[in-house]
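Thanks for making time this morning.

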Amino acid sequence: MIAYVEQRGLNVYVYDSNRRLLFSCGGELVGYTSTSVTVKQSGVTRVFNERGQMVR
């Protein structure tokens with residue numbers, strides 16, 4: 001479950017409810033829910049699940 005996401009410089013960091021890092025990626029944070037993170041990378045919007053796998 002995704003609890004907290006932050007943009008630091010050119011990277012996005014995704015954490016669980018215990019503030020453990022689930023994954024990170026490059027790009028600009030667009031938004032997130034408890035199950036997905038939306039990131040804009042090189043003009044393309046991508047959606048990642050809580051394991052860091054691209055789903056869209």
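Predicted model: local features only at pLDDT ≥ 70, side-chain atom pairs only at ≥ 80, totals over all residues.

Let me begin with a question: over which ring does the charged end of R19 sit? The charged end of R19 sits over the ring of Y4, 4.1 Å from its centre, where sitting over a ring requires NZ of Lys or CZ of Arg within 6 Å of the ring centre and within 35 degrees of the ring normal. R8, in turn, lies over the face of Y13, at 3.9 Å from the ring centre.

Residues are numbered from 1 along each chain as its sequence is written, and side-chain values use heavy atoms, with hydrogens and water left out.

Now to the rings themselves. Rings of Phe, Tyr and Trp (its six-membered ring) pair if their centres lie within 6.5 Å, and planes under 30 degrees apart count as stacked, over 60 as edge-to-face and the rest as tilted. By this rule the count comes to two aromatic pairs. In one of them, the rings of Y4 and Y15 have centres 5.7 Å apart and planes at 35°, so the pair is tilted. This pair links distant parts of the chain, with Y4 in strand β1 (residues 4–8) and Y15 in strand β2 (residues 11–15), eleven residues apart; strands here are DSSP runs of E, at least two residues, and are numbered from the N terminus. Y15 is buried, with a relative accessible area of 11%, whereas Y4 counts as partly exposed at 28%; buried means under 20% relative accessible area, exposed over 50%, and partly exposed in between, using a 1.4 Å probe and protein chains only.

In the pair of F23 and F48, the ring centres are 6.1 Å apart and the planes are at 45°, so this pair is tilted. F23 lies in strand β3 (residues 21–26) and F48 in strand β6, so the pair ties together parts that are 25 residues apart in sequence. Both F23 and F48 are buried.

Turning to strand pairing, which asks for at least two bridges found by DSSP between two strands, β1 and β2 run antiparallel and are joined by five bridges. The bridge partner of Y4 in β2 is Y15. The hairpin of β1 and β2 has two residues between the strands, and in that hairpin G9 takes a positive phi near 65°.

Three strands form an open sheet in the order β4-β5-β6, with antiparallel pairing, and its edge strands are β4 and β6 (44–49), each pairing on one side only. Strand β4 (residues 28–32) and β5 pair over four bridges, and together they form a hairpin with three residues between them. L29 has V39 as its bridge partner in β5.

Finally, T38 is found in strand β5 (residues 36–41) and is buried, with a relative accessible area of 18%.
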